[in-house]
Amino acid sequence: MSRWTFEQIPDLTGRRAVVTGANSGIGLVEARELARHGADVVLAVRNTQAGEQAAERIRRTGAPGAVSVRRLDLASQASVREFAEGWDGPLDLLLNNAGVMTPPRYRETEDGFELQFGTNHLGHFALTGLLLPHLLEAPAARVTTVASIAHHRGDGAVCEGNPREGYDPQTTYGRSKLANLLFADELERRARAAGVALTSNAAHPGVSATNLVASKDGMGAIPVVGTIGQLGVRLLFPGPEKGAEGPLYAATVAGGGTYSGPTGIGETRGPVGEARRSRWAQDATLGRTLFDRSEDLTGVSFTL
């Protein structure tokens, strides 16, 4: 089988897409490629100034799809609701891409959730549920949620939402990424059971040299890590162009319930293919429990 590339993305003319965290890194590449293949793309970002700069970069490529920017702070359930309430008409593709990684100290969202669980999982969970009526208006909607090889660090305590006691940056990040994968699979199961035209799947980027390492919301809060860590990642690992392959393959080609990502060197890089799930990620009962728990925490119910 030949290596999958961006050139194999199908024609997306007339499709409407939302990419979270699209102002830089993998999200920017994802948004650019969707627009380059004809989709009208909304960059859903916390920093709209950075988002406008990213949108202009995409426009300068001559991409035929329209590109616009809207504010979305996934660490705020109010912001998530405001974004969803402002959406009008069908939505063909939702790419749940944004995230925060391993802040050194325990932090909370404005709603009182641990930052990684509240942003990476609950923010995207609520966004997907609130946009669900618009997704179901589309003839064949797709939802792709970006997980991570770090989900292997997650465990059955994922439903506890990363409590303050015993906080560990790596474990809590792993649980939030496990939650992403469990959510994607459970949404697919519920869509199939309801018989609706909605495809849900997941992907991971491997290890990619992006600004995530330097982000002050994560490990970049430690100055030496933010600087030296970023340089080290850039020397050792592929850039966002390669990191975006898995998520874009999942968002445009892969089937429901699949998990895609790089297949070489411990899934850190290489050709896109089927990614490995941890034991916990294959636990459908855990997925159902997390889904129900997430509805309770966010107040967002999925009607399929």
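At 6% relative accessibility, Glu 245 counts as buried; here buried means under 20% relative accessible area, exposed over 50%, and partly exposed in between, with a 1.4 Å probe and protein chains only. The structure is a predicted model, in which local features need pLDDT of at least 70 and side-chain atom pairs count only at pLDDT 80 or more, whereas totals for chains, interfaces and linings use all residues. Residues are numbered from 1 along each chain as its sequence is written, and side-chain values use heavy atoms, with hydrogens and water left out.

The side chain of Glu 245 meets that of Arg 3 in a salt bridge (3.3 Å, N to O), a salt bridge being a side-chain nitrogen of Lys or Arg within 4 Å of a carboxyl oxygen of Asp or Glu. Because Glu 245 lies in helix H8 and Arg 3 in the segment before S1, the pair ties together parts that are 242 residues apart in sequence. Helices (H or I, at least four residues) and strands (E, at least two) are DSSP runs, numbered from the N terminus. Arg 3 is partly exposed, at 36% relative accessibility.

A search of the whole structure finds 15 salt bridges. Another is formed by Asp 185 and Arg 277, whose closest N and O atoms are 3.1 Å apart. This pair links distant parts of the chain, with Asp 185 in helix H5 and Arg 277 in the loop between strand S8 (269-274) and helix H9 (284-298), 92 residues apart. Asp 185 is buried at 8% relative accessibility, and Arg 277 is partly exposed at 21%. Within helix H5, Glu 188 and Arg 192 are 4 residues apart, so about one helical turn separates them. Their side chains form a salt bridge of 2.6 Å, N to O. Glu 188 is buried, at 9% relative accessibility, while Arg 192 is partly exposed, at 42%. Salt bridges with shared partners also join Glu 7, Arg 32, Glu 33, Arg 36 and Glu 241 into one network.

Asp 92, in the loop between helix H3 (77-85) and strand S4 (93-96), is buried yet has no salt bridge. Its nearest side chain of opposite charge, Arg 15, is 4.6 Å away; Lys and Arg count as positive and Asp and Glu as negative, while His and the chain ends are not counted. A polar atom of the Asp 92 side chain lies 2.8 Å from the backbone nitrogen of Arg 16. Apart from neighbours within four places in sequence, the contacts of Asp 92 (heavy atoms within 4.5 Å) include Gly 14, Pro 139 and Arg 142.

The largest nonpolar core has 32 residues, and those with the most contacts inside it are Leu 34, Val 41, Leu 43 and Ile 58. A nonpolar core is a set of buried Ala, Val, Leu, Ile, Met, Phe, Trp, Tyr and Cys residues joined through side-chain atoms within 4.5 Å. Among the elements that each supply at least two residues of this core are strand S1 (16-20), helix H1 (25-36), strand S2 (40-45) and helix H8 (245-252). H1 gives the most, with 6 residues. A second, separate core of 29 residues includes Leu 74, Ala 138, Ala 141 and Phe 291.

Gly 166 is placed in the loop between strand S5 (141-146) and helix H5 (169-194). Gly 166 is exposed, with a relative accessible area of 77%. The C-alpha atoms of Gly 166 and Tyr 106 are separated by 9.5 Å, the two residues being 60 apart along the chain.

Methods
Polar contact = N/O pair within 3.5 Å; in protein donor to acceptor, adjacent residues only side chain to side chain.
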